[in-house]
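Subject: Structure handover

Hi there,

Here is the structure I promised to pass along. Please have it open while you read; my notes follow below.

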Amino acid sequence: MGRHKQDKQLVKQLLKGQTQAFNTFFDSYHSKLFRFILGRVDGDHDLAMDLAQETLCKALDNLQDYRAEAALFTWMCQIARSFIYAHFSKQNRRRRHVVPMAEHPSIREVLLNVADGGQTQPELQMHNQELQQLIEEVLDHLPNNYGDLLTWKYVDELSVEEMAQKANTTMIAIQSALARARQSFQQAFTALLKTDSLDHLYPSNWEYEYE
Amino acid sequence: MNKDQADNILKQLKQRTMPDAEKQQAARQHVMAHWQNNLKKQSRQRYAWTAAVAASTVMVFALVLFMNIDSDNNQFSPMYQQVDIHGTIMFEQDPNKPQPMTPDTRLKPGDVIQSSDESYLVWHLNDGSELRQAPNTRITWQNEQRIDLLAGQLFHNTDVTPSAKPFVISTNLGTVSHVGTQYVVNHQPNELQVAVKTGEVSINNHQEKHTIKHNELISISPSGAEPVQIFSSHNHPLWSWTFKTEQPYSLNGQSLHDFVVWISQKADLTVNWQGLKEKAKNVSLQGTINNMTVDMALNTVFATTDYHYQIHQGRLQISTHEK
């Protein structure tokens, strides 16, 4: 499969006005965008909803400009960033989002602690929400819906059989995809611990594979 | 970070953060409405763009077509308005391939037009004047105001329009240009003759410039110009053909008086009625004057009446048998 081929196909269908494509588009990206924005607007749900909606509208207005050089979600995140920036510029407020979180020494400490299976120190509890957002953002940026797969596994605690049924595929394919999803998450977090910014975590040249 | 460490981090994820379901549904409707409006707008823009492209294409096509038509017309209309062809006329675009010419033939500058022993043409020029090409005459159009007379005779009548533009007839012995007049140019091997019926014509034979006027004739040869002569247009060979190439003149309903007035103007004669003017108005005529010289026309008409005529020193004298 070529790079972002599924995204290109979805965009093509959207440009043709196919309602099914719109539903796929909205279901795939609205929640992800909401979470992406939420982590950057200090947890303001209403604002995140408004900006997610504006981002989707703007993306739909400019679909013909999408060149599939990056994943569609990455492209929309860029639009979302500009809306967030414009919002705070308009409000004349300082940006209050978690982009620099990975740089924060305490967060880095939490991550390392968690990774090593240690108990979260009481003084680090305050960072739990940020940690949650960070993990979610990494999941949302994983290719091939690996984020959904890992959510089913670790949050919803579905069995392999249930996941196969939900994804309309075989158990073997799900097990294989799950292994690749874990590996993908591991690589993303390894990169997170080495970088100063989340922006570098989601390379545009990630190969997307589909079962 | 190893696999186990990644697993430990994932286990920290308690629940995915989701937007409020009701608000998400409202957002879906809003975004969908926006998308559909945008699709319609883009569709209209595409339609408008397609229509604009189609219109532009049609316009370009029409323009090209028009230019082609105009280009074709450039071979025709700029040089003359119309041509009347009498008899068989040949034209040559390729010197070895003469073709019959019709009024619809689109001539190009440089084409040679040749009349035969019994054929002639009347060119109606763009300025409204008239150029008659005599039998056995060979010409080439250069542009709307210049013609090359290769051999034969041309009669240019600018009196039919007061706004005639300067027109040049070019021969290898000189060029002839007019200042509002009726004149004949006769070009034969080693001889150029120009006879003026009215107005004034100038001839430039490369060495000298000559100006001749009413009833004057000049002959130019390679050795130079001969003295200007006085000529009588009604029966001079240079002029006789011009009358023959006049439009047919219907005598039906005309009187002898009408005919005499008409032919005296055409032949540049002064009428001496000798008291018969009023009587001549009561003489009715029938028939048509066509392809005749002045003398032939006078003979033909007067033969059907009790009147006589005589031409002496440019005067047409009318008389009766009784007298």
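**Helix packing and the chain interface**

In chain A, α1(A) passes α2(A) in a left-handed crossing (left-handed if the near helix is turned anticlockwise from the far one by less than a right angle, right-handed if clockwise). Before going on: this is a predicted model, where local features need pLDDT of at least 70 and side-chain atom pairs count only at pLDDT 80 or more, while totals for chains, interfaces and linings use all residues. Residues are numbered from 1 along each chain as its sequence is written, chains are lettered from A and ligands numbered from 1 in the order in which they are written, and side-chain values use heavy atoms, leaving out hydrogens and water.

Helix α1 (residues 5-15) and helix α2 (residues 19-38) of chain A pack at about 130°, with axes 8 Å apart. Helices here are DSSP runs (H or I, at least four residues), numbered from the N terminus; axes are lines fitted to C-alpha atoms over the stretch in contact, and angles run from 0 to 180 degrees between N-to-C directions. α1(A) and α2(A) are therefore oblique to each other (under 35 degrees is roughly parallel, over 145 roughly antiparallel, 65 to 115 roughly perpendicular, the rest oblique). Residues in the contact (heavy atoms within 4.5 Å) include A:L10 and A:L14 of α1(A) and A:F22 and A:F25 of α2(A).

Also in chain A, helix α3 (residues 45-61) and helix α4 (residues 72-91) have axes that come within 9 Å and cross at roughly 125°. That makes α3(A) oblique to α4(A), and their crossing is right-handed. Among the residues that meet are A:L51 of α3(A) and A:W75 of α4(A).

In chain B, the axes of helix α4 (residues 256-266) and helix α6 (residues 294-302) come within 12 Å and cross at roughly 175°, which makes α4(B) roughly antiparallel to α6(B). B:F259 of α4(B) and B:F302 of α6(B) are among the residues in contact.

Now for the two chains together. In all, 44 residues of chain A touch 31 residues of chain B. The chains bury about 3,700 Å² between them, 62% of it on carbon and sulfur atoms (accessible area, 1.4 Å probe, lost on being put together, summed over both). A:F22, A:F26 and A:Y154 supply 15% of the area that chain A buries there, more than any other three residues. Five salt bridges link the chains (a side-chain nitrogen of Lys or Arg within 4 Å of a carboxyl oxygen of Asp or Glu). The side chains of A:E136 and B:R16 form a salt bridge at 2.8 Å, N to O.

Best wishes

Note on methods
Helix = DSSP H or I, 4+ residues; strand = E, 2+ residues; numbered from the N terminus. Buried area = accessible area lost by both parts, 1.4 Å probe.
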